[in-house]
Amino acid sequence: MAGLFYQTIARLSADLAAKKLSAVELTQAVIARAKAVEPRIRAFNSFDESDALAQAAESDARRAAGRSRGSLEGIPIGLKDVIAVQNQPLTASSRMLANFVSPYDATVTTRLKAAGAILFGRLNCDEFAMGSSTENSAFHPTANPWDVTRVPGGSSGGSAAALAAGEAIATLGSDTGGSIRQPAAFCGVVGLKPTYGLVSRYGLIAFASSLDQIGPFARTVGDAAVLLGAIAGHDERDSTSYRVEIPDYAAALEGRRGPWKLGIPKEYFGAGLDPEIGAAVERAIDFYRGLGCEVREVSLPHTQYCLDTYYIIATAEASSNLARYDGIRYGHRASGAKDVVDLYFQSRAEGFGAEVKRRIILGTYVLSSGYYDAYYLRAQKVRTLIRRDFLAAYQQVDALITPTSPIPAFKLGEKSDPLAMYLCDVYTIGVNLAGLPGISVPCGFTAAGLPIGLQLIGQPFQEAQLLAIAHAYEREHEWSQRHPALASSG
Amino acid sequence: MSRNPDLNIDHVARLARLALTPEEKATFAQQLGDVLHHIEQLAKVDVSGVEPSAHAFAVNNVWQEDVARPGLPVEQALHNAPAQRDHMIVVPKVVE
């Protein structure tokens with residue numbers, strides 16, 4: 001049997017409830033594992049061991065007193081370093097916030113605590129969540145546990161790698177253009193981006209506010225359902241948060257076995273798709289056919305415009321959101337500035353890395369006088385068309401099946417050209433532009449042993465159905481029970 | 001590899017309050033030229049009569065009760081300030 005650190009929430013919760021295991025023992029096992037593999041993986045920016053053990057002791061005390069809190073009681077969960085935890089560092093993997101300590105909890109943090117979770121560690125990511133490989137972290141890159149010469153994906157690379165390496169039982173990330181689903185695919189774990197508005201963004205460092213969503217990474221679809229249930233729901237502190245009924249996602253998994261109507265968007269299977277990935281996704285489609293699902297080809301005709309639309313909207317919103325980092329109230333302040341305006345210029349020059357600067361420049365440009373209509377306003381209109389494509393497809397089908405990424409994990413340092421890096425996101429960004437839920441589920445390995453992700457895209461706020469469809473695949477496959485070779489050597 | 005003749009890096013960097021080195025300007029002008037060249041294909045889309053979407057699911061008129069609630073204590077609010085004195089943030093002189 002694999003180590004404690006590779007068990008699911010479902011299994012560990014049962015053992016904790018049966019008193020076969022204490023939260024302190026479990027947390028100690030996860031910490032020991034992190035210490036053993038971190039020199040090779042570097043998934044964390046920091047972790048506070050004594051704080052985690054103190055939380056675990058409190059969890060055990062609550063359980064002993066019959067006051068267990070909820071669905072995550074005693075489960076160690078890691079958070080991407082863009083999600084605020086009171087009195088813990090919050091860096092966005094940027095020099096700008098290298099010394100920032102959060103004065104408050106994000107709403108998801110409050111909810112995880114209320115469910116009894118043990119919050120452990122600050123997980124590395126691309127700086128301000130901008131990137132697809134975690135190489136844009138100002139501190140250090142993170143390695144893919146399946147092949148440490150390769151990237152874990154990004155921007156939530158630390159969240160995916162830590163889970164795949166057994167350094168957490170589950171993690172949270174954020175997804176603006178694929179930043180949960182693509183690293184989940186690269187690291188062989190489940191990653192869910194919820195419908196825009198389902199999970200509060202309060203306490204999430206803003207990148208592109210109309211696209212950002214927080215979501216879970218987990219070993220199984222069932223664990224992702226438990227986490228989603230803990231963090232989803234309306235929050236008055238996020239004015240884009242939606243008032244919807246939150247079902248029991250975990251219970252919904254077994255409720256309905258289909259058959260569903262599934263759509264294959266033909267635009268997602270064109271040039272640039274790695275043949276091994278294409279074949280693995282075809283096998284998954286055949287599996288659904290075997291379940292009795294009706295599978296039909298659909299068209300999302302504006303797919304070719306998603307990337308450009310995304311890079312206009314996301315950089316425009318980023319340039320606006322990152323204007324707050326001016327060296328005055330918090331964050332890095334340059335020394336030797338000649339006046340207060342110069343202080344802004346110099347603090348930002350010193351605090352931001354190259355990709356963040358590039359995106360601020362692009363975003364400022366597309367919003368600037370004379371270019372706003374041609375770029376930003378046009379992109380907002382194309383977003384409407386992209387959204388209509390998806391909604392039209394959902395007139396015919398319940399969900400869509402695509403690859404998560406056109407390529408498997410690439411080598412560290414392989415993609416030095418920004419445009420080449422942006423092209424990694426072609427299959428994930430449409431989901432963000434249309435505000436839909438998307439999940440990446442492991443669906444095989446390449447001949448070289450790299451994980452492959454299957455993306456399922458659902459209808460707005462229909463996460464229960466999306467998770468059920470994903471679970472129907474997962475329960476008949478054993479991909480999620482494989483672990484990187486690191487396991488035996490670590 | 002392309003440069004976009006319209007992209008005046010100096011002007012945009014000034015708008016963004018971002019000091020760039022000559023090397024950064026040269027690199028960004030070229031890289032963003034490539035990106036903008038890619039983006040030009042959006043001009044081909046017929047968007048006549050299409051409403052812009054600011055959000056996928058716009059939520060309008062979100063109101064909260066106008067009641068005071070506890071906020072952060074001053075010490076905590078200023079905890080991350082780069083320079084402070086007497087419960088205030090210190091900045092370079094702004095008035096001569």
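## A two-chain model and its contacts

Across the interface of chain A and chain B the rule finds two salt bridges, a salt bridge being a side-chain nitrogen of Lys or Arg within 4 Å of a carboxyl oxygen of Asp or Glu. Before we look at them, a word on the model. It is a predicted one, in which local features need pLDDT of at least 70 and side-chain atom pairs count only at pLDDT 80 or more, while totals for chains, interfaces and linings use all residues. Residues are numbered from 1 along each chain as its sequence is written, chains are lettered from A and ligands numbered from 1 in the order in which they are written, and side-chain values use heavy atoms, with hydrogens and water left out.

### Where the chains meet

Chain A brings 68 residues to the contact and chain B brings 53 residues, where contact means heavy atoms within 4.5 Å. Together the two chains bury about 5,400 Å², and 68% of that lies on carbon and sulfur atoms; buried area here is the accessible area (1.4 Å probe) that two parts lose on being put together, summed over both. On the chain A side, A:F345, A:I361 and A:R378 supply 13% of the area that chain A buries against chain B, more than any other three residues.

One salt bridge between the chains joins A:E236 to B:R69. A:E236 sits in the loop between α7 (221–231) and α8 (249–255) of chain A, and B:R69 in the loop between α2 (22–39) and α3 (74–77) of chain B. These labels refer to DSSP runs, numbered from the N terminus: helices are H or I with at least four residues, strands are E with at least two. A:E236 is partly exposed, with a relative accessible area of 40%, and B:R69 is partly exposed at 46%. On this scale buried means under 20% relative accessible area, exposed over 50%, and partly exposed in between (1.4 Å probe, protein chains only). B:E24 and A:K357 also form a salt bridge.

### Salt bridges side by side

Side chains of opposite charge can pair when their charged atoms come close. Over all chains, the structure holds 18 salt bridges, including these:

| Pair | Closest N to O distance |
|---|---|
| A:E236 and B:R69 | 2.6 Å |
| A:E355 and A:R358 | 2.7 Å |
| B:E24 and A:K357 | 2.8 Å |

A:E355 and A:R358, by contrast, share helix α12 (residues 354–367) of chain A and are three residues apart, about one turn of the helix. An α-helix has 3.6 residues a turn, so residues three or four places apart point the same way. A:E355 and A:R358 are both buried. Elsewhere in chain A, a network of salt bridges links A:R11, A:D15 and A:K20.

### Inside chain A

Helix α10 (residues 306–321) of chain A has 16 residues and reaches 22 Å from its first C-alpha to its last, close to the 22 Å expected at 1.5 Å a residue; the expected span is 1.5 Å times one less than the number of residues. Of its 16 residues, 15 are buried.

A:T195 lies in the loop between β5 (190–193) and β6 (213–218) of chain A and counts as buried, at 0% relative accessibility. Leaving out residues up to four places away in sequence, its contacts include A:Q213, A:P437, A:F461 and, in the other chain, B:F57.

A:R63, in helix α3 (residues 49–64) of chain A, is buried, with a relative accessible area of 14%. Beyond its neighbours within four places in sequence, A:R63 is in contact with A:L16, A:A17, A:K19, A:S68 and A:E73.

### Backbone details

Most residues other than glycine have a negative phi, and most peptide bonds are trans. The peptide bond from A:G154 to A:S155 is cis, with omega near 10°. In chain B, phi is positive for B:D86, near 50°, and for B:H87, near 65°. B:D86 is in the loop between β1 (84–85) and β2 of chain B, and B:H87 lies in the loop between β1 and β2 as well. B:D86 is exposed, at 63% relative accessible area, whereas B:H87 is partly exposed, at 48%.
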